Amino acid sequence: MLVPLYGFLEGDTLGLLVLAHDTMNMGKAAELLVQAAKPRVTQTSEIRIVVNGLEINPSLTVAQAGLTALARFDVRRN
Amino acid sequence: MESQHASGESWLSLARKLDWDFSYVDERDVFPAEICGKPWLDGNAWRSWDEPYKTSYSSYVATQHEKEQSLKTVDHVLGRLRDFQSLDVAWLNGLKLHAAALPLAEFAATIGNLRAARFGRDGAWRAAAALGALDECRHAQIPLRMMHKLVRWDRQFDWTHKFYHTNCWVAIAARRLFDELLLFSDPIEFAVATNFVFETGFTNLQFIGLASIAEESGDRLFEQMTMSIQTDEARHAQIGLPVLETVIKHDPEYAQYLIDKWFWRSWVVFAILTGFTMDYLTPVEKRKASFKEFVQEWVLDQFLTSIENLGLKKPWYWDTFLQSLDYYHHMVYASAYTYRATVWFDLVVPGPGELHWLAEKYPNSWKSFEPVWNRIHEQWEHCDPGVDFGVHGTSIVGFCNMCQIVLCQGTPEHNTACTLDHKGQRYIFCSEPCKWIFEREPDRYAGHKDLVKRVLAGEAPANLVQLLRTYCSLDFDSWGKDARKGEYPWLRRQPKDPRKEEG
């Protein structure tokens with residue numbers, strides 16, 4: 001199932017919509033966000049993913065991370 | 001027949017306050033609470049309503065006639081196409097932004113004033129609002145008339161009229177504000193929100209601050225136009241204070257709520273409208289002060305003094321507002337630059353001189369924006385001039401469900417967007433104040449879909465170019481580009497590798 005999420009990349013100036021699949025792992029969702037923010041933020045692979053203030057394992061799927069449609073996730077740069 | 005001999009002044013005092021007691025109908029039927037607004041008070045509670053600058057219809061007409069004549073002369077002398085063509089290209093694009101935002105909003109204000117001219121609770125208030133309606137009609141027509149001649153030269157000026165009829169995200173946000181503020185509000189909310197907060201608190205920024213920059217930039221027509229409008233605004237803005245004083249007397253909590261709500265809602269729109277032009281679209285050598293300095297002078301000092309003198313408190317989110325003064329319009333500008341095809345005016349990249357100026361003016365925040373502009377510079381260095389989509393976003397951006405502006409509050413390190421689940425729907429807001437406004441009146445706001453929800457509902461296309469063309473009424477000629485085509489002398493453009501060219 002397609003799950004639209006609001007992604008916020010540290011260093012960026014706005015929030016972006018990331019169209020993820022509930023079986024997609026969060027690392028991939030974060031990668032999509034980093035790619036979408038490319039015009040404003042230098043690409044990096046050194047990242048942490050934060051949901052509801054807690055860092056999560058990037059191998060968790062969107063569903064396992066408890067994210068439902070239009071939820072927020074953050075990508076912090078190391 | 002004594003009145004025939006009365007002096008102008010004594011005649012005015014009789015004519016401006018025409019009220020009487022109703023014998024055959026109930027006052028509540030003449031002034032229904034649903035239309036007049038709250039608090040509903042007996043007519044006597046409004047009898048002390050008084051505006052400091054009083055005018056009769058005849059002196060109003062004489063003054064307006066003079067202003068019109070003077071503006072027409074200025075337009076004739078300084079409004080020729082070659083006068084516009086001699087202006088800096090960045091400034092011209094600030095002009096497009098203002099020209100589009102003004103006329104139809106002013107026309108909506110005509111309607112708001114007309115509602116007050118009928119349902120305002122005191123005769124003098126109604127008389128002042130009737131003249132206010134005429135003012136706003138004039139303000140709608142002036143920019144339409146002046147910008148019309150530019151349409152053949154530059155199609156983006158067509159948005160002076162077209163803007164509010166489109167689904168460009170800025171138009172959605174502007175309609176979201178002005179529909180409620182000017183068309184929907186009852187006369188009490190209108191007087192507090194439009195006349196007091198918007199016109200007393202914010203339009204000085206626009207009509208005085210920006211007019212002085214226009215003069216510096218050589219745009220005498222814009223300067224004269226805004227100054228002419230401002231003289232009307234200053235007169236009808238005075239409707240707000242006596243209405244607010246009465247509301248404070250009878251329902252201080254509601255008065256505080258109106259101030260808190262409308263200050264924030266006005267702020268987010270003005271930050272874009274005026275902040276873009278003052279800090280980015282005015283040539284750096286012509287800038288008199290930063291947007292923040294103008295806000296400090298025209299909004300903070302004067303507005304805070306006014307509300308504190310009335311016994312009201314600063315809005316509860318004051319610290320958030322002060323932080324946004326350092327960040328918000330910079331966040332939106334950088335975002336808009338990298339999504340410039342989604343608007344009807346062109347934007348520019350600040351070069352080394354401008355970046356230095358911005359760093360000096362915004363010592364608390366500018367460090368956070370340097371990497372963003374360095375990144376944009378770097379990308380232009382790898383792109384040919386004019387290849388706008390080489391330095392442009394393509395994904396869908398998020399919009400606040402309250403103000404309908406892109407999710408740009410907070411800082412690049414920490415965006416303050418927050419979500420709320422309400423009656424089985426999820427909403428996102430750019431900031432706590434926007435969320436708070438929604439939560440106070442969810443039924444008023446919950447049904448309005450932002451652009452993301454329209455895309456997800458299949459009402460608007462998800463592909464950016466398709467969205468712009470078929471949904472936002474933009475096309476290649478009209479959508480925003482880099483105003484200098486990415487040709488900046490300070491860019492260190494990378495020489496092309498001939499082997500790649502061959503391959």
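**Close-ups of a predicted two-chain model**

**Where chain B meets chain A, 13 residue pairs are in polar contact, both partners at pLDDT 80 or more.** A polar contact here is a pair of N or O atoms within 3.5 Å; within protein, one must be able to donate a hydrogen and the other to accept it, and residues adjacent in sequence count only if both atoms are side-chain atoms. This is a predicted model, with local features needing pLDDT of at least 70, side-chain atom pairs counting only at pLDDT 80 or more, and totals for chains, interfaces and linings using all residues. Residues are numbered from 1 along each chain as its sequence is written, chains are lettered from A and ligands numbered from 1 in the order in which they are written, and side-chain values use heavy atoms, with hydrogens and water left out. Salt bridges between chain B and chain A come to zero (side-chain nitrogen of Lys or Arg within 4 Å of a carboxyl oxygen of Asp or Glu).

Chain B puts 33 residues into the contact and chain A 26 residues (heavy atoms within 4.5 Å). Together they bury about 2,300 Å², 58% of it on carbon and sulfur atoms (accessible area, 1.4 Å probe, that two parts lose on being put together, summed over both). R375(B), R426(B) and L456(B) account for 23% of what chain B buries against chain A, more than any other three residues.

R375(B) is buried at 9% relative accessible area, while E378(B), at 32%, is partly exposed (buried is under 20%, exposed over 50%, partly exposed in between; 1.4 Å probe, protein chains only).

**D388(B) and R340(B) form a salt bridge between two loops.** The gap is 2.7 Å, N to O. D388(B) sits in the loop between α18 and β1 of chain B and R340(B) in the one between α16 and α17 (352–361), so the pair ties together parts 48 residues apart in sequence. Both are buried, D388(B) at 11% and R340(B) at 0% relative accessibility.

**The β1(B)–β2(B) hairpin has two residues between its strands.** β1(B) (418–422) pairs with β2(B) (425–429) in the antiparallel sense over five bridges (pairing takes at least two DSSP bridges). H422(B) stands opposite Q425(B), and K423(B) in the turn has a positive phi of about 50°. C418(B), L420(B) and H422(B) make up the covered face of β1(B), with T419(B) and D421(B) on the uncovered one. Both strands, along with α14 (252–281), α16 and α20 (442–445), are among what covers the buried residues of α19(B); W436(B) is one of those residues.

**E10(A) sits in the loop between β1 (2–9) and β2 (16–21) of chain A.** Its side chain reaches the backbone nitrogen of R77(A) at 2.8 Å. Beyond its neighbours within four places in sequence, E10(A) contacts residues of chain A, including V41(A), and also P412(B) and E413(B).

Conventions. Helix = DSSP H or I, 4+ residues; strand = E, 2+ residues; numbered from the N terminus.
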